[in-house]
Amino acid sequence: MPKKILLLVKSAPYGSVRAAEGFRIATAMIAMDVLPQLLFIDDGVYCLLKNQKPEAAGLNSLAERLKTLADLIGFHAVSDSIVKRNLQKIDFDETYNVKTISLGEAAELIAENEVVITF
């Protein structure tokens, strides 16, 4: 039986490869019939914003991969991280169907997984 795995995304979507690598690993896990959970916290919540245009800066968009992952495994985002960045749930791409959770709920989510990998 596969382990319960949580991918904790703390990094902004652009400026480093951390978040992109997390999404790539999530895709690979799904291909191996392991369904990780994704939790967005800190600057990771910026990955969820709609209408991003990274192509204008010569970067590849993560939007299609995120849409695919959201359809398959769903996303959680910590409400404190959203508020601290002056964001609201309406700022997120609605196709991601993000579930906002409290810090306490995030701690429970982390505790119920056997493996937590941070990006």
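Let's start with Arg24 and Glu21, whose side chains form a salt bridge with an N to O distance of 2.7 Å. The term salt bridge is used when a side-chain nitrogen of Lys or Arg is within 4 Å of a carboxyl oxygen of Asp or Glu. Side chains of opposite charge can pair when their charged atoms come close. Both residues belong to helix 1, and because they are 3 residues apart there, about one helical turn separates them. Helices here are DSSP runs of H or I with at least four residues, strands are E runs of at least two, and both are numbered from the N terminus.

Arg24 is partly exposed at 45% relative accessible area, and Glu21 is partly exposed at 29%. (Buried means under 20%, exposed over 50%, and partly exposed in between, with a 1.4 Å probe and protein chains only.)

## About the model

This is a predicted model, where local features need pLDDT of at least 70, side-chain atom pairs count only at pLDDT 80 or more, and totals for chains, interfaces and linings use all residues. Residues are numbered from 1 along each chain as its sequence is written, and side-chain values use heavy atoms, leaving out hydrogens and water.

## Pairs across the chain

The whole structure holds 4 salt bridges. One of them joins Lys4 to Glu112, with the closest N and O atoms 3.8 Å apart. Lys4 sits in the segment before strand 1, while Glu112 is in the loop between helix 4 (103-111) and strand 5 (115-118), 108 residues apart.

Asp42 and Lys10 also meet in a salt bridge, at 3.9 Å from N to O.
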